[in-house]
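Please work through the exercises below with the sequence and the model side by side, trying each task before reading its solution.

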Amino acid sequence: MKWQRKDLLGLEDLSADEINLILNTASSFKEISERPIRKVPTLRGKTVVMLFVEPSTRTQTSFELAAKRLSADTVSIAASTNSMQKGETLKDTAKNIEAMKIDALIIRHSSAGAPRMLAKVLTPCVINAGDGSHEHPTQGLLDIFTIKEKKGRIKGLNVSIIGDIMHSRVARSNIWGLIKLGANVTVCGPSTLIPPGIEKMKVKVTTSVKEAITNTDVLNILRIQLERQKGKFFPSIREYMIKFGIDSEILKGAKKDILIMHPGPINRGIELAPEIADGPYSVILNQVTNGVAVRMAVLFLLLGKRKAPFLEPSKKGRF
Amino acid sequence: MKLLIKNGRIIDPANKINRVSDILLENGKVSKLAKDIKPNGAEAIDAKGMIVAPGLFDMHTHVRQPGREDAEDFITASCAAAKGGFTSITAMPNTNPVCDNRGIVEYIISESRGNAIINIFPIGAITKAQKGEDLAELADMKDAGVVAVSDDGSSVKNAQLMRKALEYSNMFNVPVISHCEDLNLSQGGVMNEGLTSTLLGLLGIPNISESCIVARDIALANFTKAKLHIAHVSTKESVELIRQAKEKGINVTCETCPHYFTLTDETVKGFDTNAKINPPLRTKEDRKAIMGGLKDGTIDVIATDHAPHTEADKDIEFDLAPFGIIGLETALSLAINELVDKKIIKWDELIKKMSYIPSEILGLTNKGRLSIGADADVVIIDPDKKFKFAKETIVSKSKNSPFIGRNFKGCAVVTICRGKVVYKA
């Protein structure tokens with residue numbers, strides 16, 4: 001199949017075939033990062049702008065490296081330097097960036113739907129690098145890529161996602177992708193952090209970590225956002241650790257070949273005990289490595305078939 | 001000045017009239033209702049095949065003047081209203097400054113009288129600056145001309161203060177219109193809480209956010225025996241609570257808005273800020289309960305909650321955009337298509353809920369009826385006229401409607417206020 005979409009806004013929109021196309025493309029790109037000279041000319045002459053209205057280190061660095069390894073030119077705009085602080089709307093900022101002639105805009109924003117809003121009005125590709133609690137498609141893709149790499153398949157696997165499901169875009173993108181590829185997904189967390197209606201996404205819901213761990217092939221542990229404490233979703237970090245923290249004790253009941261995943265950044269000793277984060281089951285750093293390959297694949301598929309602007313002098317519009 | 005409307009079907013629920021007849025308007029009043037009235041110099045309008053009814057009365061309009069004249073003002077709101085078949089609207093007090101004293105009430109009355117082409121009745125704030133702390137001068141505002149009091153846009157958080165507002169306003173028989181919302185339960189939500197909010201990753205406003213305060217205010221109304229009107233009912237639970245209250249004989253009335261019986265929270269998919277409303281669009285089940293409430297009379301009134309916002313204000317990130325949609329130009333057509341055409345209610349009921357009952361609740365007994373001597377506020381409705389609601393045709397200064405592009409059948413074709421034609425399709 002051929003890639004048809006202009007934008008990557010979420011895994012809800014994608015078919016299983018499209019997801020597989022990205023995963024397969026990523027696996028052929030993975031090797032580039034292992035070379036002594038980690039660069040190919042594939043996207044030479046393309047311009048990729050990263051607009052991170054909400055701060056991020058991992059995702060932004062990963063996208064930047066992915067673009068650079070494909071020889072695209074990159075510009076990063078951080079929240080603290082953008083003109084939105086002067087009252088400019090997001091749309092105007094994006095239109096201004098577009099006017100400088102770019103090929104892709106990678107956006108992270110605290111408002112769900114912001115990438116979709118821009119995709120509607122921009123000619124360049126829009127890639128969602130996380131929008132509020134909505135979606136984080138490349139994180140979902142790199143998680144699925146990592147599972148497939150380690151387990152050889154997705155179909156029929158039991159995957160449990162543990163933590164603050166309600167506010168997690170990572171959970172949503174993972175659920176969409178995994179379900180489309182035939183995995184059995186369980187979500188687990190305090191009842192106050194399970195969003196209403198989630199069972200209609202065809203996932204199993206439980207508040208028992210033990211149940212979520214039993215017989216599961218993959219445990220994806222979400223970061224507990226400490227600022228959520230203010231929302232009184234649970235009484236204390238201490239109690240969260242006791243009831244929902246993953247340590248070697250609770251993992252005694254797990255399968256011997258379980259994969260431990262975490263999208264980062266980890267609160268060591270809160271949702272995840274250090275010995276597990278660094279232990280033999282952990283594929284947390286593999287996720288990060290794979291993130292670059294997955295993002296290279298996404299950039300390649302979205303940008304690869306678009307004509308690079310200004311490769312030849314335009315016949316029209318000369319001064 | 002004389003105006004004769006011929007051959008229309010007169011629907012006047014106040015007088016239990018539903019028959020083909022002529023009606024003569026003279027000197028701004030209804031002067032005669034009979035078959036074959038001779039023109040005798042009166043200008044005649046042929047209304048054959050049309051419905052002739054008392055002008056519609058919207059008891060929930062945000063006019064935005066003073067303060068946000070870039071979104072709407074007395075003139076544009078009144079023109080949009082006239083186009084929608086309304087001859088009277090109310091001005092909700094959440095303006096800038098808030099309508100919480102005689103000065104602003106007088107400003108609205110004098111300023112709108114010279115400019116608006118239909119009647120605009122001010123509603124005063126319950127509390128000063130709508131802050132929910134101290135009662136505004138309710139009696140003085142009543143003397144200055146408010147027809148109701150409300151902190152609409154926000155809920156009176158303090159139950160004790162709400163009790164006092166009900167007790168106090170009951171002295172001079174002014175209804176208290178309650179925006180029922182527990183802000184702790186709403187918790188910064190931007191749409192209905194449910195599957196759709198979960199899928200979109202947006203914070204939800206649960207049904208209980210509304211129904212908890214509906215239950216509280218019903219209890220207060222029962223205790224104080226004051227006149228309580230519940231604004232923009234959107235949930236199944238609220239309908240049930242109000243139904244029970246009415247069965248017990250508690251003095252409570254309520255309204256819903258066309259969007260609650262037409263749309264569901266799925267409209268928000270795609271993050272269209274023109275579907276961002278408070279209370280939010282709810283689920284299919286709630287929509288069904290709202291229709292049930294309209295059918296059995298639990299819901300007394302259909303109001304617009306016309307809430308204009310400029311494109312600049314609305315065309316931003318969903319969670320940052322303001323709540324509200326315009327409604328004056330679509331309310332009647334939506335009610336016709338969703339309620340009358342689908343046999344939920346009959347024409348008489350529709351006119352009752354959009355004209356007669358609002359005028360009764362607000363104590364304006366010269367409005368909402370075609371009694372001889374009543375104000376000559378009349379709407380002529382063509383039930384068969386088809387049109388597409390296009391953005392370019394919107395009269396309101398703001399264009400924030402989720403119904404743009406929708407096809408309708410049935411709308412106002414002539415609107416007459418105080419005996420004068422103020423709108424003609």
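Predicted model: local features only at pLDDT ≥ 70, side-chain atom pairs only at ≥ 80, totals over all residues.

Residues are numbered from 1 along each chain as its sequence is written, and chains are lettered from A and ligands numbered from 1 in the order in which they are written.

**Exercise 1.** Describe how domain 1 of chain A touches domain 2 of chain A.

Step 1: the domain assignment, whose bounds come from an automatic or database source, gives domain 1 as 16-135 + 288-303 and domain 2 as 137-287 of chain A. Their C-alpha centres lie 25 Å apart.

Step 2: counting two residues as in contact if their C-beta atoms, placed from the backbone, lie within 7 Å, 21 residues of domain 1 of chain A meet 21 residues of domain 2 of chain A.

Step 3: on the domain 1 side, α1 (16-29), β4 (125-131) and α10 (284-303) of chain A each supply at least two residues, and α10(A) gives the most, with seven residues. Helices here are DSSP runs of H or I with at least four residues, and strands are runs of E with at least two, numbered from the N terminus.

**Exercise 2.** Work out the order and pairing of the five-strand open sheet of chain A.

Step 1: the order is β7-β6-β5-β8-β9 (chain A), and the pairing is parallel; two strands pair if DSSP finds at least two bridges between them.

Step 2: β7 (204-206) and β9 (259-261) of chain A are the edge strands, each pairing on one side only.

Step 3: strand β6 (residues 184-188) of chain A is joined to β7(A) by three bridges, and A:Val187 has A:Val205 as its bridge partner in β7(A).

**Exercise 3.** Examine the span and the surroundings of helix α8 (residues 236-247) of chain B.

Step 1: the helix α8(B) has twelve residues and reaches 17 Å from its first C-alpha to its last, close to the 16 Å expected at 1.5 Å a residue, the expected span being 1.5 Å times one less than the number of residues.

Step 2: what covers the buried residues of α8(B) includes α7 (207-224), β13 (228-230), β14 (252-256) and α10 (284-296) of chain B.

Step 3: just after α8(B), B:Gly249 takes a positive phi of about 85°.

**Exercise 4.** Find which helix gives the largest share of the side of chain A that touches chain B.

Step 1: 20 residues of chain A are in contact with 14 residues of chain B.

Step 2: the largest share of that side of chain A, three residues, comes from α4(A).
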